[in-house]
Amino acid sequence: MEIISQTNRTLLLDVINPQEQDLLTLVGDVRGIDSLDDDKMREINQHLECCSYEDVERKFQPVVWSFFDASSQSVKYTLEKPENIPENMLTPIHVNESENFQKAVLTVMNSRKAQGLLNVEFEFEKLLEIISPKKVMDDIKQVRKEIQYNYKKYAELEEGDPQKLDLGDKLNLLFEDASKNYNNIMAMLPLAIEDIKTRLLLGGGEQQQNGQTIVPGYLSLGEKGELKVLEAPKTDVTALATLDDNVNTGLMEVIKEDYQAFNSETNDYVQNLVVRTFCPLSSTQQTEIDVDTEVANYNSYLEFYRTSKDNFIKVVKPLLEKLLGIRMFFDQYKTKTKGMRPALVIANVSPEMMAKSSYLPRLITYLNTTNGKNNFKDTIWYAIYPNVSWNQNVTTRIQRERFKGNVKKASMDVYSMDALANLLDVFKDYRVETFFSFENREETTFNAIAAEGIDKAVEKCAPLMGKAFSEFAIPVLPNFTVIPKNKSGVVLDSRMKVSENNVAELSDAKEDIMRLWIEGVYINGAYVAAGFRAACQCPEFLKDRFGKTKAVTDMELPGVRFDIEAGNNALLAYTTMPKEITGFTNSIKSQINQKNFGWIFASENASLNGEAVTNITVYKARNLLYDAEHSSYEPVYKTQVTTYIERILRYVTGDFKEDNIKNFFSNNPQSQKSKWLAKKDCVNAIITEGDSLEYTIDEANGVCELTISFNGSPRNLEVLINRLTSNMP
Amino acid sequence: MMKRRHKQGACQILCLLAALLAVSVCTPIRVKARELSEGKSIVFLLDASGSMKSNDPQRLAIDSIAQLIYSLPSDYQMGFVAYNSEITANLDFVLSDQRNQIMEEAETIEYIGYSDAGTGLEYAVGMLADQQADEKHVVMLSDGEILMKDDASTESSKQQYQQAVQQAADVGIRIHVIGLGDEMEDMNNFIFSAAEATNGKSFYTPQAMGIQEAIDSVLTEELGIKQSTIAIIDADGGTETVSAELPYTHADKVRVLLTSSAPITNLTANFQADSAKQMNGSRYSLIEMSRPAESKLELSFEGTAGNQVRINVIPEYYVSLKGEVAYTDELPAEAEGKQYYDRTAEIKYSFYDVENQDVQLWTQDFFNHTKIKLTENGQEKELTLNNGVMETVCPVTENMTLETVPDYSDMPVNVIGDGALVMELEGPPVLPAEEPPYGLIAGLAVVGLAAAAIIIAVIIKSRKPKPVPLPPEDRPEPSRYSYTGKLNLYITRTQSGYDIPPLSFNLFRLPSGRVISMKEILESCGVKEVFAGADMIYFKSGANRNLILTNNSDCTIMKNREILMKKKSYQLPLEAKVDITFEDEISELMFQYKD
């Protein structure tokens, strides 16, 4: 691959973090210029090009901003940094792997993949409990255990002991981790909730107390030999407990000091809470408990936690879905040895904005630089346009809302078909194939496609058909379900009440169970389709997948001609997404096959050579160019092969010099065509058995017409011959 | 233009030059702080006594409240009172966007009990009396005389009624009475007297079906509401479809009100607007569009067979008046004893959206030739609107302030204006005291200019032999080559601020001899915006599939970091990208010549 080193660089048309740089800003004013200079391109790549998901997190720092609204007494979240709120009142919540909700969603994805269960079989609710205060506390328990263990060892060692310094380093790290919790009140809430629960119920739940206060005691034998549990005397201090206390007292002081250092306005309640949370073994330290106040606090904390978590999830979900999409884009490329690794250029700007006439010249100038040169390092081959609006007409239907229904999704994160058409019109000139998928909703999932087929989607794509750019539009169906809407309830905890004996207990009443609804998490199919196609460009990837077969993969050729629909290719190369449903019915499949429409994923039971395929496979890989002769849409590979051949031809022939064109197609074994023909049996051959590559030169008009036949179906390409050196008229 | 017969020829030319120069000078305009009117207030007073049950069994009166309140422009504040033996429902004044509260209140009303119109009217008048408003109205709907459980109470209520009428007349509240049913047949009825005493209007309808018509008359005749009926449809029970062109682009609100005497269901509307909402009762439906983007409206609905559905459109504009002044100075015909030029201010009035001051209103054909009255410093004028502009002239003898107060009552739409426009007009300049030897100066200036022009021409010719300059006034000569490819046009900035989608113009369809200007290209793409200088940028076909661009305008045209010179021709190869900044220095466009 000495000429074209990559055929899978992808442009993502979406916003990840509006505070970070974006393509339009970086490209800047393009009046009077044709292309961008190399420095500018380097700067763009530095800011926007990502080769892994970690790169995306590092470069874009996906973040949700939170602030407290005193008027509504609630926490507000927003993806865009509010400009009218002072910096010190804003708290950024970084949406990375340590963020609780993302952690929960990733756990769900990984477990489902590992267990290979369908959506219907999988217990989502259980795993989603990760976001409940109890699970947050579990994590903290682990941290505090390590702190105590290390601090105890640290306290025992003498000053100046080098081992003590090592332990100091470890403790610093652990405190850093712990301090994230007592740095902000929101993170303290689950702690406070669990703390009250622990103190009031003594960690209860396992045993019913029947409304009586538990008094810790010892098991002993009475004077007459009877078995007794004696109340432990408060002053009875054992040597071990004293030792513990010494360690604890020291640790408590350290935590107190740390808390005070972080917070200018300290609060005794929070300070004690932090100390109790991270240093709970203060066996001889007793505090009075005011049950009524504590129960009221617990209930209000829990309500506040539920509301703010609910608000947070509503705001973060669209961002998280994008991030999961990007993660899955990169996740498709799994090989033992890395070769042509897919790269993603994130425009970080709304495609609606980019499609405006005022900004299109910037995109054109950028693409002119990446795709209009004989340097193919930065060439953009694919684009991802996610979240196309499912409802395209502004229609108001007047009717009474008799029951509370779904709140119609605001059009914030949904992009229009019109903007897509405008962008495709530009992409066509630079031969960028665009994967687009519809917005995340129940109607676009596997379930819906299995039930209703693809007719609706075909209808919605109609505005993009029969156009010059149709060839470059690839509709991807369906979207992937990470957490289905009907299984997205999370039980946080139950409200507490005070019993007649003035003892706190958890309420059993149904209305007292605190639950929040995530309302489904989905991944746009376009990310996975683009990621998978990008992965298939890499010969190493194909070699891995076809290793067990006799087929040979040429390590010098990209997978541009790799036809996923051919033979058993789809069963050898498949996505990393686990199956979701039991499959499409035969009638739906015959409808898909009859139409040969779109890039369709399948969740089918299949096996190859006795080995079951448990992942989602690619069932159809078509664009929107309609071939009336065969009454079907064209396979995507034809477009990319044509693009690839044109680019190689331009490069090898020195911008289409006539003599060089003739050499290119000659039978000389060194000619490019001969080289390709020699590899026609490879998995990733450019010209395979049954294909042909012909050319004719129209001397009068100075045009070279290429005819690339894919299994007899021809595709024409016209290039202007460069006659500057000869044949001047 | 003036003439001074007794001066020398050269002197006349110079004076003429000076006068012409003064023509385009404009003074800064100061607009007075916005003086929004106090608005208008109206109270709907409904008789909810038991007798209404028989006179209005279908509760059409409730629907008629909707018809009234949703038809009123946003500067009306609405209140609502219903009475039987006492006040049964009332709602203090609500703003335009809270009118649904009135309907919520009205729908709870039950027709029951006696009829204490005295208390009802007293309450309604009391509400209005405290209100700060330019106009105050009560619309009363009643089906009979005052009737209480005993004669004493009836008499007391009558007295109350008379007192309320008197109070209304005193504070300028007009009461319009709609009488319903047999009892009200006599137009000399006691209830109707309120209308007469307060300069209001009385309406009588024997059946509830007629309330709609009465409300219509109140709206158009008494309140001066501008509405137009776009369709009256005889429903057959099936789906009816209506499509209409509405000329109300940039209107602040356009309300579409469907009324019928039978239920309207399944209303679907297609249009484009910033936002929209809808309200529906059993026999009416309202669609309220905010800032409709385009003029096409498509409606479909199901009416009840055998009934008529009427569709009315009520447009509403928030308007700010702007003025632009240019002066023409002339030497006085009789200069003896005069110290100043004769100055005339040519004033162009135009109308802009209050919220978006860049959007000019009423430029559509629909508004052409509409008369608008205005007073300039107390002097009344009637001007005609032409392409959104009204022109007038005003002699100026000294520095003066011109206050213009528009009167939009003759406009075919509802207008809420933002008050008077105040402009400072500059007095005329002083006539020159002593006249220098103009002949000599003119002669020297002409010789000097000619010499400078020759030198510059020689320098330019010696430096830039190519490309060949074209005669400035000429369109380029047609070419013998065929056109090929197309132009992809991206309008990156417009004077109006509107975004225009990317455009494509097929060149290959043009005959080879055609020379086409950028203006013609933009027009054929349906662009209505004006691009100053576009008519002087020409294209013609060139050899080797090239396109020849000739710029005879003052636009700045850039290609490959180079500014293309004026009145020169340049070859554009395929894929060439060119940026144009038009003569207004605001509008910009980028085009690409593609295969």
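Guide: Let us begin with a pair of residues: Phe68(A) stands opposite Val75(A) in β4(A). This is a predicted model, in which local features need pLDDT of at least 70 and side-chain atom pairs count only at pLDDT 80 or more, while totals for chains, interfaces and linings use all residues. Residues are numbered from 1 along each chain as its sequence is written, and chains are lettered from A and ligands numbered from 1 in the order in which they are written.

Visitor: Which strand is joined to β4(A), and by how many bridges?

Guide: Strands of a sheet pair through backbone hydrogen bonds, either parallel or antiparallel. Here, strand β3 of chain A, residues 63-69, is joined to β4(A) by five bridges, and the two run antiparallel. Two strands count as paired if DSSP finds at least two bridges between them. Helices (H or I, at least four residues) and strands (E, at least two) are DSSP runs, numbered from the N terminus.

Visitor: In what order do the strands of the sheet lie?

Guide: The order is β4-β3-β5 in chain A, an open sheet of three strands with antiparallel pairing. Its edge strands, β4 (74-78) and β5 (91-94) of chain A, each pair on one side only. On average, neighbouring strands of this sheet are turned by 30 degrees against each other, direction ignored. Axes are lines fitted to C-alpha atoms, for helices over the stretch in contact, and angles run from 0 to 180 degrees between N-to-C directions.

Visitor: Which helix packs on the sheet?

Guide: Helix α11 of chain A, residues 291-331, does so, touching β3 and β4 of chain A, and its direction makes about 5 degrees with that of β4(A). Two residues are in contact if their C-beta atoms, placed from the backbone, lie within 7 Å.

Visitor: Is helix α18 of chain A mostly covered or mostly open?

Guide: A residue is buried if 20 or more other C-beta atoms lie within 10 Å of its own, exposed if 12 or fewer, and partly exposed in between. In α18 (residues 539-546) of chain A, six of the eight residues are buried, so defined, and the helix is mostly covered. Among them are Phe541(A), Leu542(A) and Phe546(A). The buried residues of α18(A) pack against α17 (525-536) and α19 (569-572) of chain A.

Visitor: Why does Ser49(B) count as buried?

Guide: Ser49(B) is buried because 26 other C-beta atoms lie within 10 Å. Ser49(B) is found in the loop between β1 (40-47) and α2 (52-55) of chain B. Its C-alpha atom is separated by 5.1 Å from that of Gly113(B), 64 residues apart along the chain.
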